[in-house]
Amino acid sequence: MEAKYVVQKQLIPTDINAGDPNWVKRQIWVYKLNSDDTTDEFNTIEEAQLKRDELDNEDPTKRVYRVVKKLDLFNYEVV
């Protein structure tokens, strides 16, 4: 069974030292931050949300994590 839910990661987090102006959204989302990172795919939304929360709590940056539902190979829906 193919995973239905994936955790996306904000590519460039907010600069915690200098801060960002209000208009900066940083809306570039990736599945992996680098070649050593994992792709976090799950069959249930609950599992995906738990992983998102875990990543969020362990990340010292202000990077944003979100759960998306895979619609097909190239499309997704933010949940």
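Predicted model: local features only at pLDDT ≥ 70, side-chain atom pairs only at ≥ 80, totals over all residues.
Which residue forms a salt bridge with glutamate 41? Keep that question in mind while we look around; we will come back to it after a short tour.

Let's begin with the overall plan. The chain has 79 residues, and 25% of them count as buried. Its accessible surface is about 5700 Å², and carbon and sulfur atoms account for 50% of that. Now think about contacts between residues with a separation of 6 or more: 56% of these are made by residues 24 or more positions apart.

Next, look inside. The largest nonpolar core is made of seven residues: Tyr5, Val7, Phe42, Ala48, Leu55, Tyr65 and Val67. Strand 1, helix 1 (45–58) and strand 4 (65–70) each give two or more residues to this core. Setting aside residues up to four places away in sequence, phenylalanine 42 touches Ala3, Lys4, Tyr5, Val7, Glu47, Ala48 and Lys51.

Now turn to a charged residue, aspartate 40. You will find aspartate 40 in the loop between strand 2 (29–30) and strand 3 (41–42). Is aspartate 40 buried or exposed? Its relative accessible area is 6%, so aspartate 40 counts as buried, the cut-off being under 20%. Apart from neighbours within four places in sequence, aspartate 40 is in contact with Tyr5, Val6, Val7, Lys9, Lys51 and Leu55.

Lysine 9 and aspartate 40 form a salt bridge, with their closest N and O atoms 3.2 Å apart. Lysine 9 belongs to strand 1 while aspartate 40 sits in the loop between strand 2 and strand 3, so this pair ties together parts that are 31 residues apart in sequence. Both partners, lysine 9 and aspartate 40, are buried.

Glutamate 41 forms its salt bridge with lysine 70, and here the closest N and O atoms are 3.1 Å apart. Because glutamate 41 lies in strand 3 and lysine 70 in strand 4, the pair ties together parts that are 29 residues apart in sequence. Glutamate 41 counts as partly exposed, at 40% relative accessibility. Lysine 70 is also partly exposed, with a value of 23%.

Another salt bridge stays within the helix. Lysine 51 pairs with glutamate 54, the closest N and O atoms being 3.2 Å apart. Both residues lie in helix 1, three residues apart, which is about one turn of the helix. Glutamate 54 has 36% relative accessibility and counts as partly exposed. Salt bridges can also share partners: Lys9, Asp37 and Asp40 are joined into one network in this way. In total, the count comes to six salt bridges.

Finally, let's visit the surface. Leu11, Ile12 and Ile28 make a nonpolar surface patch of about 250 Å². Leucine 11 is found in the loop between strand 1 (5–10) and strand 2. With 34% relative accessibility, leucine 11 counts as partly exposed.

Notes. Residues numbered from 1 in each chain as written. Heavy atoms only, no water. Helix = DSSP H or I, 4+ residues; strand = E, 2+ residues; numbered from the N terminus. Buried < 20%, exposed > 50% of the residue type's maximum accessible area, 1.4 Å probe, protein only. Contact = heavy atoms within 4.5 Å. Patch = residues over 30% accessible without salt bridge, like charges linked within 9 Å, V, L, I, M, F, W, Y side chains within 5 Å. Areas by Shrake-Rupley, 256 points an atom, 1.4 Å probe, with all protein chains shown as cover. Salt bridge = Lys/Arg side-chain N within 4 Å of Asp/Glu carboxyl O. Core = buried A, V, L, I, M, F, W, Y, C linked by side-chain atoms within 4.5 Å.
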